[in-house]
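Come along and check each entry against the picture.

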Amino acid sequence: MGETEMVKSRFRKVCVFCGSSSGKRNSYRDSALELAQELVKRGLDLVYGGGSVGLMGLVSQEVHRGGGHVLGIIPKTLMCKEITGETVGEVLPVADMHQRKAEMARHSDCFIALPGCELENPTLISWGYKDNALAWGWVRPGGYGTLEELLEVITWAQLGIHDKPVGLLNVDGYYNYLLTFIDKAVDDGFIYPSHRHIIVSAPNAKDLLQKLEEYVPGHDGVVAKARWEAEQLELNASFQIDIAR
């Protein structure tokens with residue numbers, strides 16, 4: 001196999017949100033592999049939710065196979081092989097789902113959401129602390145989870161917590177209805193038009209990465225980034241104490 005020509009990128013690490021199922025269409029699996037190959041071609045490292053099942057596994061294994069660095073961030077309660085499969089690359093265990101999202105964002109320069117699909121059996125996991133008590137909940141990895149992760153980083157961009165681009169890999173129109181809903185919210189006055197442009201989308205990995213490279217923030221946030229990062233460092237210190245317990 002000949003050497004792949006390296007494409008220069010302004011990013012170093014890309015966070016990929018995706019499902020721990022592969023979905024029912026071959027196009028989802030093909031697009032996951034295509035995205036991984038584009039990351040390798042651009043010399044980009046992968047940050048993702050850990051595990052090696054479903055689309056998560058396809059992306060992480062392909063990036064790792066291509067020589068890219070892979071960082072999987074996963075709550076301790078999801079680390080058993082029966083839930084996540086065998087991971088590749090570096091694994092960062094965290095206390096709960098909230099810290100997972102914060103750490104994925106902190107380690108990344110941009111975000112990409114692949115289609116998310118669900119496993120048949122939900123899993124009981126720790127969500128974090130509420131009223132000084134550990135809170136638990138049932139989660140189906142992918143599907144709702146991918147959407148929740150995606151909308152949170154979009155909201156953080158809207159607030160000015162970060163200015164990192166957010167992209168949808170809109171395979172076979174998977175996210176068309178979501179984009180239509182967001183456009184409806186803009187039309188009805190619930191989302192500013194400038195905030196609509198936080199999200200970029202494309203039907204294939206190459207075009208999406210190019211759009212992310214060209215992305216320029218066009219909105220004003222309301223939260224001081226430095227203050228937010230200081231608060232996150234304080235939270236991370238407390239989370240590490242929780243993990244050690």
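**Entry 1: the cavity**

I looked at who lines the largest cavity, and helix H5 gives the largest share, with 4 residues. I kept in mind that this is a predicted model.

Next I asked myself: how many cavities of 30 Å³ or more does a search of the whole structure find? I found 1. I noted about 40 Å³ of space in the largest cavity.

Then I wrote down the lining: Phe17, Lys101, Met104, Ala105, Glu149, Glu152, Val153 and Trp156. Two helices, H4 (97-106) and H5 (144-159), each supply at least two residues of this lining.

I also sorted the lining by class, and I counted 5 nonpolar residues and 3 charged ones, with no polar residues.

**Entry 2: Glu90**

I moved on to Glu90 and found its place in strand E4, which covers residues 90-94.

Setting aside neighbours within four places in sequence, I saw Glu90 in contact with His69, Val70, Leu71 and Gly72.

Last, I compared sequence with space for Glu90 and Val47. They are 43 residues apart in sequence, and I noted 9.6 Å from C-alpha to C-alpha.

Notes. Residues are numbered from 1 along each chain as its sequence is written. This is a predicted model: local features need pLDDT of at least 70, side-chain atom pairs count only at pLDDT 80 or more; totals for chains, interfaces and linings use all residues. Side-chain values use heavy atoms; hydrogens and water are left out. Contact means heavy atoms within 4.5 Å. On a 1 Å grid over the protein atoms alone, a cavity is a set of points where a 1.4 Å probe fits but cannot get out, and a pocket is an open set with protein on both sides within 12 Å along at least five of seven lines; lining residues have an atom within 4 Å of a point. Grid points are joined across faces, edges and corners, and a volume is the space filled by probe spheres set on the points. Ala, Val, Leu, Ile, Met, Phe, Trp, Tyr, Cys and Pro count as nonpolar, Asp, Glu, Lys and Arg as charged, and the others, Gly among them, as polar.
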